[in-house]
Amino acid sequence: MKKILLLFTFSFSLFVSFAITNPKREFRGAWIQCVNGQYLGKTPAQIRQMLSSQLDTLQQCGINAILFQVRAEGDALYKSSYEPWSRYLTGTQGVAPADGWDPLAWMVAECHKREMECHAWINPYRAKTKGTTALAQNHAAVRHPERMFEYEGLYIFNPGIAENRTYTCMVVEDILTHYDVDGIHMDDYFYPYPVKGLPLPDQANFQTNPRGFASIEDWRRDNVNLLIRDLHQLVREVKPWVKFGISPFGIYRNSPTGQNCPEGSATSGTQNYDDLYADIVYWVKQGWIDYNIPQVYWNLGTKAADYEVLVNWWNDYCGQRPLFIGQDIERTVQGVDPTDPNSHQMMIKYNLQRALPNIQGSCQWYAAACVNNPGNYRTVLEQVYHSTPALQPLMTFIDKKAPEKPKNVQVSKYAMTGTVVTWEAPRAKKELDRARQFVVYLFNKGEKIDMEDADCIVAITSANTVTIPVVPKGSTLVVTSLDRLHNESKPVKVKL
């Protein structure tokens, strides 16, 4: 790959010059949430306009996957067969958008138009947040209050009740059946975050059906394990090309030795394993999740949870499935690079992350913050770390068969527009083998044809044509096919 030498003004008005090599494959995601209230008080047309603007800007800075929140509290930002419309969309739970808009269908189409993936982001257990004062009559907590428990103002789908696992699977199957999503995504809310002195009210459920567990903590972890297992199996059965991913809290477990070890990291914060009963490492080892995005939202130097400590731990002990890092934009630009007091921590975080072999990308918390560009964060993505296009990381454990190569590749030159390349999609018998996108490379005369060189990618497109303004004489064009999982076909080469 080529190294790009870049010179630009960083956040503290310091001119920075360095070389960067970008990978050909990298997950570059962003979360678009509903719970921040960004839709409230707006008409559907105004929301669409806002989201369109965000997507355009995110596309420009190289984001290639959107994680779109569609279920925050047993509700829906789509036409659900089971749950009421979300109050985060219309202001009142159960009230549909005024013009019949379906946000998830719209978001899928808009992402695909911009060559981005769209992952439907759901919360599996939260049934009511503290700020929700009224539930719709068709809400699960109204229809089946016996399946919930209350915890500090929250209603929680009780993970110990098997009917709740079945219901969650029904919700996910409804999404898979009706929407062309690329992923099903869940964040860090499993059992509720603990409140000191307030025990979880599920002891009676444990005593009634302990399933052979002597410890209620192990029983709770198994409750969540069963849901993750069932969801993974469901996704594979319904749409095997859809990815199932989790973005857990950034600490798996605090190390009993105070040093990084398989049991945990050298940290002292809230724990997935002991506090949220989410055994992420076990899910990865079982192959129940297709990608993992731990929310490593702290900065380097944070005493209880140091960024460098945590990314090294996740890399060392949780790399058997594609691993991406959740980045907190606003917190990052508020931190100071310990090696350079004139810079914030974005560059040191990215350089550290990319140096670790099992980390294959990032996800930005949150999309609107990326658009707002604090500390030139988005500018650095666009000009440095995302300056070249990127295919998605391979997931050969789902499918490794490449599609057939494009057919009938033609090149035509026009004085006004440049060089126009056209092709036809190859035939495929199965959806997994169908060409969904195409990659066009351009190599100059005498240049080695290295298809791992991201600098030579002209376009990743779902169209059957691309126009290149300037193509030097003697260049070689290469066109390949991509399937839904970004397996890449053999190349078709055209020397000009």
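Threonine 476 stands opposite lysine 495 in β20. The model is predicted. In it, strand β19 (residues 476-482) pairs with β20 over four bridges, in the antiparallel sense.

**Four-stranded sheet**
- The strand order is β17-β16-β19-β20 in an open sheet with antiparallel pairing.
- β17 (457-461) and β20 (492-495) are the edge strands, and each pairs on one side only.
- From one strand to the next, the twist averages 15°.

**Three-stranded sheet**
- A second open sheet runs β14-β15-β18, also with antiparallel pairing.
- β14 (407-414) and β18 (465-468) each have a single partner strand, so one side of each lacks a neighbour in the sheet.
- The twist here averages 15° from one strand to the next.
- β14 and strand β15 (residues 418-424) run antiparallel and are joined by six bridges.
- Tyrosine 414 stands opposite glycine 418 in β15.

**Aromatic pairs**
- The structure holds 27 aromatic pairs.
- Tryptophan 101 and tryptophan 106 form an edge-to-face pair, with 5.8 Å centre to centre and 75° between the planes.
- Tryptophan 101 counts as buried because its relative accessibility is 7%, under the 20% cut-off.
- Tryptophan 106 is also buried, with a relative accessible area of 15%.
- Tyrosine 441 and phenylalanine 443 form a stacked pair, with 6.1 Å centre to centre and 15° between the planes.
- Tyrosine 441 is buried, at 0% relative accessible area.
- Phenylalanine 443 is buried too, at 0% relative accessible area.
- Ring pairs also link a cluster of Trp31, Trp121, Tyr297, Trp365 and Tyr366.

**Arginines over rings**
- Arginine 48 lies over the face of tryptophan 101, 5.4 Å from the ring centre.
- Tryptophan 101 thus has an entry in both topics: it pairs with tryptophan 106 and has arginine 48 over its face.
- Arginine 221 lies over the face of tyrosine 273, 3.9 Å from the ring centre.

**Serine 215**
- Serine 215 is found in the loop between α6 (203-208) and α7 (216-238).
- Its side chain makes a polar contact with the side chain of glutamate 217, at 2.9 Å.
- The C-alpha atoms of serine 215 and leucine 432 are separated by 43 Å, and the two residues lie 217 residues apart along the chain.

Key. Residues are numbered from 1 along each chain as its sequence is written. This is a predicted model: local features need pLDDT of at least 70, side-chain atom pairs count only at pLDDT 80 or more; totals for chains, interfaces and linings use all residues. Side-chain values use heavy atoms; hydrogens and water are left out. Helices (H or I, at least four residues) and strands (E, at least two) are DSSP runs, numbered from the N terminus. A polar contact is a pair of N or O atoms within 3.5 Å; within protein, one must be able to donate a hydrogen and the other to accept it, and residues adjacent in sequence count only if both atoms are side-chain atoms. Two strands pair if DSSP finds at least two bridges between them. Axes are lines fitted to C-alpha atoms, for helices over the stretch in contact, and angles run from 0 to 180 degrees between N-to-C directions. Rings of Phe, Tyr and Trp (its six-membered ring) pair if their centres lie within 6.5 Å; planes under 30 degrees apart count as stacked, over 60 as edge-to-face and the rest as tilted. Buried means under 20% relative accessible area, exposed over 50%, partly exposed in between (1.4 Å probe, protein chains only). A charge sits over a ring if NZ of Lys or CZ of Arg is within 6 Å of the ring centre and within 35 degrees of the ring normal.
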